[in-house]
Amino acid sequence: MTTPAVQATGVSVELGGLPVLRGITVTVAPGEVVALLGGNGSGKSTLVRTLLGLVPAQHGTIELFGQSIARLRSWARIGYVPQRSPVSQSGAKVKEAVAAGRLARRAPFHPPRSAGREAVARALAAVGLTDRSDHRLSELSGGQQQRALIARALVGDPDLLVLDEPTAGVDLVHQQVVARILSDLVGAGSAVVIVLHEVGNLAGLIDRAVVLREGRIVHDGALGTLGQAHRQGGGHEHEGAPDAPELVRGPVER
Amino acid sequence: MTEILSLPFMQRALLAAVLTGLIAPAIGTYIVQRRLSLLGDGLGHVAIAGVGLALLTGQAPIPVAVVVAVAGAVTVEMLRQLGKASGDVGLAILFYGGLAAGVLMSGIAGAGAGALSQYLFGSLVTVSRSDLILVGVLALVVLVPTLGLAPQLFAVSSDEEFARTQGQPVRLYNILIVVLAAVTVTLAMRTVGLLLVSALMVVPVAAAQNLVRGFYAALVCAMAVGTLVAVGGALGSYYTDTAPGALIVVLAIVVFALSWPISMVTRRRRMAPELPELPEEDGGAPHVTTEGHPHQHGPGCGHVGVTHGDHTDFLHEGHRHAVHADHYDEH
């Protein structure tokens, strides 16, 4: 049996005395694409941040690739794409910000290796920002900055990619780039955990949807008919993409 | 000019100025990234307590001040990591307590506030040979990690959470940054002085960010600007018979002021014009199909193609047609 990429058992988190996550148990297998859905304040962002050890869990255990998050050594296998990053205000060049994604593979006091520079160039090409690599991050549009953050996560060749709303408030071109990157990664056998406000054009990639409501999992299974309606041939969705409220209400009322 | 350089105390002062000018902006780069621009000022206040203690006990001021400032820096960082430094009141008490304790102890030692002023604003004639050796050693202690660990410290100071997901010892690096800042503050007290050292940590960095693009370029540029103004200020203060710290900081601010219009020009040029991107899908468009459409749209059919999401629409008498299975949709 293969070791799951993510194994969270009975995870509870309180922030400022308020319960944000209550007894979350979730598993992500290698090569699986799991979407975390739910309305605002449902705890989906907190869940991914807890899975990565950025928010301490009061109860429960979290293992990534079979190692406890507190003693994790294989950080190089993990790529994280936050919603926003303060690095965009740092004056750093795009390629400098992206290179930070190789740090888990780099020992202190060692000069950069050519493999690292090549990986940065590859990651920038994958997100279509090659011609922007010497620009300041702050000179890029919102969607381009988001793509640079994806490149930063890709540059370490992760076996688990965690994305926090990578398609929120960005243009369609960018959404397509995200969809293409994800399908490439999944083809290479990586696991993906993606927080989404709406499924949009990523529906076809998602193996499983985990829907959160008030810090509890209310649905864990196929995306089902919600995201697949009216999608064949060369057309796209016209019925209205399933948005969060619909998804959250659906399973609860069943 | 050669006449000044032949004066031993000036040689020592200029060497100290070069070292300070190199180091203060180097560590300052990370301090600015972490938005702690005023930390250096506070640590300078704490170091004054160290100077007072040295005067009181008859020790050499620099080593005592280093120990006291480092202890203060670690305290500040631990408070911040424990989430208790939201009490910036606590920081204020620490900083002003340090200043008051320094003045008090130097008064009790019989040196008075006047003896402190050479540490507050710098003094060229006071750099002794043993001071210079100590400053040189400490400069090395600061420079090796600020340059050798640049990628790590950049990652930690520009995006702490992401650095954590790269397995970086974030806490350790954060403590390292403030400890190195404390060391820098104390070794700068002979040249710029404890009250103005923070300016040399911040202003050249701000100027460099206007002048060049990118983190590493700004780091090197800030060190160059820092060295230039430190040496210029030390030389100038000899001629004008003023405290070197004041002149160094005024020069740094002049460089920053000059860098401002330069950044305006280059930034405008660098901002490449962007093609307007298609508006975001609202996802709520009703599904309207065309009634009987004999014409087969395709590349080169005469209708202008427009990329729309994952397919191509064809401009068709003022509206758009999209291929959908065996029919066309109105868009």
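A residue counts as buried if 20 or more other C-beta atoms lie within 10 Å of its own, as exposed if 12 or fewer do, and as partly exposed in between. With that rule in hand, this briefing looks at a predicted model with a chain A of 254 residues and a chain B of 331 residues.

**Pro30 of chain A**

- When neighbours within four places in sequence are left aside, Pro30(A) is in contact with Thr2(A), Ala5(A), Asp159(A), Gly189(A) and Ala191(A).
- Pro30(A) and Pro166(A), which are 136 residues apart in sequence, have C-alpha atoms 21 Å apart in space.

**The two chains**

- Chain A contains 7 helices and 10 strands, and 51% of its residues count as buried.
- Chain B contains 13 helices and 5 strands, and 48% of its residues count as buried.
- If one takes the contacts between residues at least 6 apart in sequence, 71% of those in chain A join residues at least 24 apart, while for chain B the figure is 69%.

**The nonpolar core**

- In soluble globular proteins, nonpolar side chains tend to be buried together.
- The largest nonpolar core of this model has 173 residues, and those with the most contacts inside it are Leu36(A), Ala47(B), Ala69(B), Ala181(B) and Leu200(B).

**Helix packing in chain B**

- Two packed helices are described by the angle between their axes and the distance between the axes.
- Helix H2 (residues 8–33) and helix H7 (residues 129–148) of chain B have axes that come within 10 Å and cross at roughly 25°; angles under 35 degrees count as roughly parallel, and H2(B) and H7(B) are therefore roughly parallel to each other.
- The crossing of H2(B) past H7(B) is left-handed, and the residues that make the contact include Leu15(B), Leu19(B) and Ile23(B) of H2(B) and Leu132(B), Val135(B) and Ala139(B) of H7(B).
- Sorted by class, this contact of H2(B) with H7(B) has 12 nonpolar, 2 polar and 2 charged residues.
- Helix H11 (residues 197–211) and helix H12 (residues 215–240) of chain B pack with their axes 8 Å apart and at an angle of about 125°, and they are therefore oblique to each other.
- H11(B) and H12(B) have a right-handed crossing, with Leu200(B), Pro204(B) and Ala208(B) of H11(B) and Ala222(B), Val225(B) and Gly226(B) of H12(B) among the residues in contact.
- The contact of H11(B) with H12(B) has 12 nonpolar and 2 polar residues, and no charged residues.

**Positive phi angles**

- Most residues other than glycine have a negative phi.
- Phe109(A), although not a glycine, has a positive phi of about 65°, and its place is in the loop between helix H2 (94–99) and helix H3 (114–126) of chain A.
- Arg35(B), likewise not a glycine, has a positive phi of about 60° and lies in the loop between H2 and helix H3 (39–57) of chain B.
- Phe109(A) counts as exposed, with 11 C-beta neighbours inside 10 Å, and Arg35(B) also counts as exposed, with 11 C-beta neighbours inside 10 Å.

Note on methods: Residues are numbered from 1 along each chain as its sequence is written. Chains are lettered from A and ligands numbered from 1 in the order in which they are written. This is a predicted model: local features need pLDDT of at least 70, side-chain atom pairs count only at pLDDT 80 or more; totals for chains, interfaces and linings use all residues. Axes are lines fitted to C-alpha atoms, for helices over the stretch in contact, and angles run from 0 to 180 degrees between N-to-C directions. Helices (H or I, at least four residues) and strands (E, at least two) are DSSP runs, numbered from the N terminus. Angles under 35 degrees count as roughly parallel, over 145 as roughly antiparallel, 65 to 115 as roughly perpendicular and the rest as oblique. A crossing is left-handed if the near helix is turned anticlockwise from the far one by less than a right angle, and right-handed if clockwise. Two residues are in contact if their C-beta atoms, placed from the backbone, lie within 7 Å. Ala, Val, Leu, Ile, Met, Phe, Trp, Tyr, Cys and Pro count as nonpolar, Asp, Glu, Lys and Arg as charged, and the others, Gly among them, as polar. A nonpolar core is a set of buried Ala, Val, Leu, Ile, Met, Phe, Trp, Tyr and Cys residues joined through C-beta atoms within 7 Å.
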